Amino acid sequence: MFGADWDDIKSGKLTDVYFLRTKKILETKKINKKVVVEFIVKSFPPDYSWAVFSGLEECVEILKGIKGLNLWAVPEGTFFDVDQPVMVIEARYQDFGIYETALLGFLCHASGIATKAARCKLAARNKPVYSFGARRIYPTIAPMVERNAYLGGCDGVACVKSAEVLNIEPVGTIPHALILLIGDSAEATKAFDEVIEPKVKRIALIDTFGDEKFEAINVAQGLKGKLFGVRLDTPASRRGDFKKILQEVRWELDIRGYKDVKIIVSGGIDEYKISELSDYVDAFGVGTSISNAPVLDFAMDIVEIEGTPIAKRGKLSGRKRLVRCPQCLQREVIYHTHPLPDCQKCQVKMEDILEEIISDGNQIKQLPDINKSRQYVLNQIKTISES
Ligand SMILES: [Zn+2]
């Protein structure tokens, strides 16, 4: 397998070579300046108006222990906008400059996935969204990808190793392979019911051989009240009006007394499809769109050298505060010496959201548990959906 390990990153090998050359030149010329750098995103992928911050845990692991280094960041799961510093480092440049490649990689990838998951969860309006996308990525990164899918609001993950890392039970239904091998959807569902432990929900796949409506009726009757749900993974070539198919399946189940049988859809699902189908669907299995979500283009910019504000063209110099209204969650960037403003809309004082995590190389704040961070994301989704 191709991959780098933690030692490669920590030893500075996982870097772009120009950072190593910069370090060598600065050392040779005996230039050793204290800088402040901030991590911001200049522009989001199309259609995005906010994003979810993630990837901090790995950054803290890389940076702690570096003497003289201070780190501030918003908590993982914080919603933010373009041009807002969500992580800030103060230290001698030589002591951390070679980590820029890795630090950006952690934030860009993790935040991209968490953001897409949160967009799906917002579109799903409280209905469960499961991450089914491990098969679309290089296998060794599945636990990282699905950790961020879960943080972003996904209710579960299909991949066993990812679930183990998250300390949750993996979720899954029945693959087409089992139905093809047994030769019939209802028989396959019955076999599943006979063999698999009772605590696993019975969810039948109903698009393998026949029409979804008739297969749904067959499996529901075959399992006599034990069927939790039906999954439609209908191929694109057969979808036609997918919403109509779902409406029909719901109707046929309902009039036969299977009102409790849930409808789950998967296959090519993203936040737009979720919005379109959510009236007829009880849960969504999302693959590629979350696991291969667009990364967020974070940049690490120097904004202060030896106490003097400085920045390249196109960036605002100086140390900043990122403040947020505790009620409507609106965010604003102010210069670090400026006082906390009031939220124009709510008329309440805004609050600082950058927290000090590392002081002089020592981690002074423990990061919250993943479930707490996920709940924090869900709370912000709720505020957005109510506004
Ligand atoms: Zn407000």
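Me: What share of the contacts in the protein with a separation of 6 or more comes from residues 24 or more positions apart?
Reply: That share is 69%. Bear in mind that this is a predicted model.

Me: OK, and how many helices and strands are there?
Reply: The secondary structure comes to 15 helices and 18 strands.

Me: What size of box do the C-alpha atoms fill?
Reply: Taken along the principal axes, the box is roughly 75 × 55 × 35 Å.

Me: And how much of the protein is buried?
Reply: Of the 387 residues, 49% are buried.

Me: Let's switch to helix α3. Is α3 mostly covered or mostly uncovered?
Reply: Mostly covered, with six of its eight residues buried. The buried residues in α3 are L56, E58, C59, V60, I62 and L63.

Me: What happens just after α3?
Reply: G65 sits there with a positive phi of about 95°.

Me: How do the axes of α3 and α5 cross?
Reply: The axes of α3 (residues 56-63) and α5 (residues 100-123) come within 8 Å and cross at roughly 165°. An angle over 145 degrees counts as roughly antiparallel, so α3 is roughly antiparallel to α5.

Me: Left-handed or right-handed crossing?
Reply: The crossing of α3 and α5 is right-handed.

Me: Which residues make that contact?
Reply: From α3 you have L56, E58, C59, I62 and L63, and from α5 there are L103, F106 and L107. By class, that contact has seven nonpolar residues, no polar ones and one charged.

Me: New topic, the cores. Which residues have the most contacts inside the largest nonpolar core?
Reply: Those are L63, I89, F96 and F298, in a core of 47 residues. L63 also belongs to the α3 side of the contact with α5.

Me: Which element gives that core its largest share?
Reply: α5 does, with six residues.

Me: Back to F96. What is F96 in contact with, leaving aside neighbours within four places in sequence?
Reply: F96 is in contact with V35, V37, L63, I66, L69, I89, A91 and M300. Two residues in that list, L63 and I89, are also among those with the most contacts inside the largest core.

Me: What about a second core, which residues does it include?
Reply: A204, I245, V249 and F284 are included in a second, separate core of 39 residues.

Key: Residues numbered from 1 in each chain as written. Predicted model: local features only at pLDDT ≥ 70, side-chain atom pairs only at ≥ 80, totals over all residues. Heavy atoms only, no water. Axes fitted to C-alpha atoms, helices over the stretch in contact; angles between N-to-C directions. Helix = DSSP H or I, 4+ residues; strand = E, 2+ residues; numbered from the N terminus. Parallel < 35°, antiparallel > 145°, perpendicular 65-115°, else oblique. Left-handed = near helix turned anticlockwise from the far one by under 90°. Contact = heavy atoms within 4.5 Å. Nonpolar A, V, L, I, M, F, W, Y, C, P; charged D, E, K, R; others polar. Core = buried A, V, L, I, M, F, W, Y, C linked by side-chain atoms within 4.5 Å. Buried < 20%, exposed > 50% of the residue type's maximum accessible area, 1.4 Å probe, protein only.
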